[in-house]
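Colleague: I would like to go through this model and ask where its labels come from. Please set each value against its definition.

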Amino acid sequence: MRVLGIDPGYAIVGWGVVEYVGNRFAPVGYGAVMTDKDTPFEHRLEEVYEGILDVCKRYRPEAISLEKLFYQHNQTTVIGVAEARGVILLAAAQCGIPIYEYTPMQVKQAVTGYGKAVKKQIQEMTRMLLHLPEIPKPDDTADALAMAVAHCHCSRSRLMGTQPR
């Protein structure tokens, strides 16, 4: 199974493609779509869309694992992230890739076995599972790889009847 994990945002969108075969993980590619704060917001959304569309076409994942949006303290930020998620969903739909959403707690549980793990624990476990020499930077990229790993761990649930978004 090839999974694209995405940590949504509009300044930085982390992405990571993971291959999962026989309970073994292999990183296929990872990085981030970064937009400049001085660029008009609608053009930033366009850059996010084009970046994720390119990743989808280049790596051809079978599924996308996306973090569920949760309310943050800053309403302006959460609205911008929601809009970025919209263009990410559009890119995925245009490529015909099913989307699976996970809460931060579900990702923590799937990757570390502990739903209240801290960010460093998740990143280190992801690094170890993917046999990476170091935790990828920026953090959004490491988080995206964790999203992909989480979906791979949860894929058995999918086989037992859970449907994509």
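Colleague: What makes the radius of gyration of the protein agree with that of a compact globule?

Modeller: The rule for a globule is 2.2 Å times the number of residues to the power 0.38, with the radius taken over C-alpha atoms. For 165 residues a compact globule would come near 15 Å, and the protein has 15 Å, so the two agree. Along the principal axes, the C-alpha trace spans about 45 × 35 × 30 Å.

Colleague: What kind of model is it, and how are residues numbered and values taken?

Modeller: This is a predicted model, in which local features need pLDDT of at least 70 and side-chain atom pairs count only at pLDDT 80 or more, while totals for chains, interfaces and linings use all residues. Residues are numbered from 1 along each chain as its sequence is written, and side-chain values use heavy atoms, with hydrogens and water left out.

Colleague: How many helices and strands does the protein have, and what counts as one?

Modeller: Helices are DSSP runs of H or I with at least four residues, and strands are runs of E with at least two, numbered from the N terminus. The protein has five helices and five strands, in the order β-β-β-α-β-α-β-α-α-α.

Colleague: How do you know that β2 and β3 pair?

Modeller: Two strands pair if DSSP finds at least two bridges between them. Strand β2 (residues 12-21) and strand β3 (residues 24-34) have 10 bridges in the antiparallel sense. Tyr20 stands opposite Phe25 in β3. The two strands form a hairpin with two residues between them, and Gly22 in the turn has a positive phi of about 55 degrees.

Colleague: Why is Ile97 called buried?

Modeller: Buried means under 20% relative accessible area, exposed over 50%, and partly exposed in between, with a 1.4 Å probe and protein chains only. Ile97 has 9%, so Ile97 counts as buried. Ile97 is in the loop between α2 (75-95) and β5 (99-102). Contact means heavy atoms within 4.5 Å; leaving aside neighbours within four places in sequence, Ile97 is in contact with Cys56, Pro61, Glu62, Ala63, Ile64 and Ala92. Ile97 and Glu62 are 35 residues apart in sequence, with their C-alpha atoms 6.2 Å apart.

Colleague: Is Thr126 buried or exposed?

Modeller: Thr126 has a relative accessible area of 2%, so Thr126 is buried. Thr126 belongs to helix α4 (residues 119-129). Not counting residues up to four places away in sequence, Thr126 touches Val111, Ala142, Leu145, Ala146 and Val149. Over the whole protein, 45% of the 165 residues count as buried.

Colleague: Why are Arg60 and His131 called exposed?

Modeller: Arg60 has a relative accessible area of 64%, so Arg60 is exposed. His131 is at 62% and therefore counts as exposed. Arg60 is in the loop between α1 (41-59) and β4 (63-67), whereas His131 lies in the loop between α4 and α5.

Colleague: What is phi in these two residues, Arg60 and His131?

Modeller: Most residues other than glycine have a negative phi, and most peptide bonds are trans. Phi of Arg60 is near 50 degrees, a positive value. His131 has a positive phi of about 55 degrees and is not a glycine.

Colleague: Which peptide bond is cis?

Modeller: The bond from Lys137 to Pro138 is cis, with omega near -5 degrees. Pro138 sits in the loop between α4 and α5 (139-159).
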